Each structure stands twice: as C-alpha cells, then as structure tokens.
Amino acid sequence: IGAAELALRQLKEKLLAKGYFDPRRKKPLPRFPKRVGLVASISGAAVRDMVELFAKRWPLTELVIRPSRVQGDGAAAEVAAALRMLNHFHATRELPLDAIVL
C-alpha cells in the first residue's frame with residue numbers, strides 16, 4: 001500500500017479507537033432539514049452543486065455557507081475553524097442547524 005493509504009488507515013484506526021465511528025454517537029438526519037451549514041470553497045464546483053441540489057430537493061431549506069479553503073496549505077485549519085464556528089452558532093442557538101456538510 002502507498003504512504004497516503006497507510007496514513008488514512010492509521011487515522012481511521014485512531015478515530016475508531018476514540019469512538020468517533022460508534023453508532024451510538026450518530027444522530028438521525030431530519031427528513032426535511034430547515035437549516036444546513038455548508039463548509040466549502042466559495043469558488044468551487046462543490047458549493048454550486050450543493051446549492052443546486054438543495055434548491056431542487058429541499059427548496060425550503062436555508063443553506064448557510066461558511067467559505068473555507070478545502071485544499072492546500074492551511075486548508076485543514078480553515079475547515080476546522082469553520083466547523084467550530086458553525087457548531088458554536090448552533091450550540092448557542094444563534095443559528096440552529098439540522099446538519100453540517102463538509
């Protein structure tokens with residue numbers, strides 16, 4: 001196996017040991033989400049695809065987009081900061097979210 005695949009396997013084992021994949025931690029997704037946070041590059045195709053998808057499938061859902069670099073130097077820190085921000089707004093009920101998409 002290559003170095004990248006080995007690193008991914010090791011990370012998965014580490015997170016598994018911490019219980020992050022435990023089914024008891026998972027929360028069911030609402031059938032009709034009211035508000036969803038999205039962390040994505042504002043100029044990427046993924047954000048456009050998600051906006052179109054939500055417009056077609058869940059047109060009443062409010063999509064809250066938190067721009068972030070998703071690749072390259074500093075991307076991991078930006079994604080983590082964006083996730084912390086959305087979680088903070090949800091936890092303080094300033095901006096309750098049904099889900100967050102990374």
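A pocket is an open set of grid points with protein on both sides within 12 Å along at least five of seven lines, and its lining residues have an atom within 4 Å of a point.

**View 1. The largest pocket of the predicted model.** Its volume is about 490 Å³. The lining counts 16 residues. Nearest the pocket centre lie L29, D98, A99, I100 and V101. Helix 3 (75–91) and strand 3 (99–101) are the elements that give two or more residues to this lining.

View 2. E5 is partly exposed, at 38% relative accessibility. R9 is also partly exposed, at 43%.

**View 3. The E62–R35 salt bridge.** Here the closest N and O atoms are 2.9 Å apart. E62 lies in strand 2 (residues 62–67) and R35 in strand 1, so the pair ties together parts 27 residues apart in sequence. E62 is partly exposed, with a relative accessible area of 37%.

**View 4. The R69–E78 salt bridge.** The closest N and O atoms of R69 and E78 are 2.7 Å apart. R69 is partly exposed at 40% relative accessibility. E78 is partly exposed at 27%. The salt bridge count is four.

**View 5. A nonpolar surface patch.** L16, Y20 and F21 make this patch of about 310 Å². L16 is found in helix 1. L16 counts as exposed because its relative accessibility is 52%, and the cut-off for exposed is over 50%.

**View 6. Confidence across the protein.** The mean pLDDT is 93, and 100% of residues reach 70 or more. Confidence is lowest in helix 1 (residues 3–17), at a mean of 93, and highest in strand 1 (residues 35–40), at 96.

Notes: Residues are numbered from 1 along each chain as its sequence is written. This is a predicted model: local features need pLDDT of at least 70, side-chain atom pairs count only at pLDDT 80 or more; totals for chains, interfaces and linings use all residues. Side-chain values use heavy atoms; hydrogens and water are left out. pLDDT is the predictor's confidence in each residue, from 0 to 100. Helices (H or I, at least four residues) and strands (E, at least two) are DSSP runs, numbered from the N terminus. Patches are made of residues with over 30% relative accessible area and no salt bridge: like charges are joined within 9 Å, nonpolar side chains (Val, Leu, Ile, Met, Phe, Trp, Tyr) within 5 Å. Accessible areas come from the Shrake-Rupley method with a 1.4 Å probe; for residues, only the protein chains shown count as cover. A salt bridge is a side-chain nitrogen of Lys or Arg within 4 Å of a carboxyl oxygen of Asp or Glu. Buried means under 20% relative accessible area, exposed over 50%, partly exposed in between (1.4 Å probe, protein chains only). On a 1 Å grid over the protein atoms alone, a cavity is a set of points where a 1.4 Å probe fits but cannot get out, and a pocket is an open set with protein on both sides within 12 Å along at least five of seven lines; lining residues have an atom within 4 Å of a point. Grid points are joined across faces, edges and corners, and a volume is the space filled by probe spheres set on the points.
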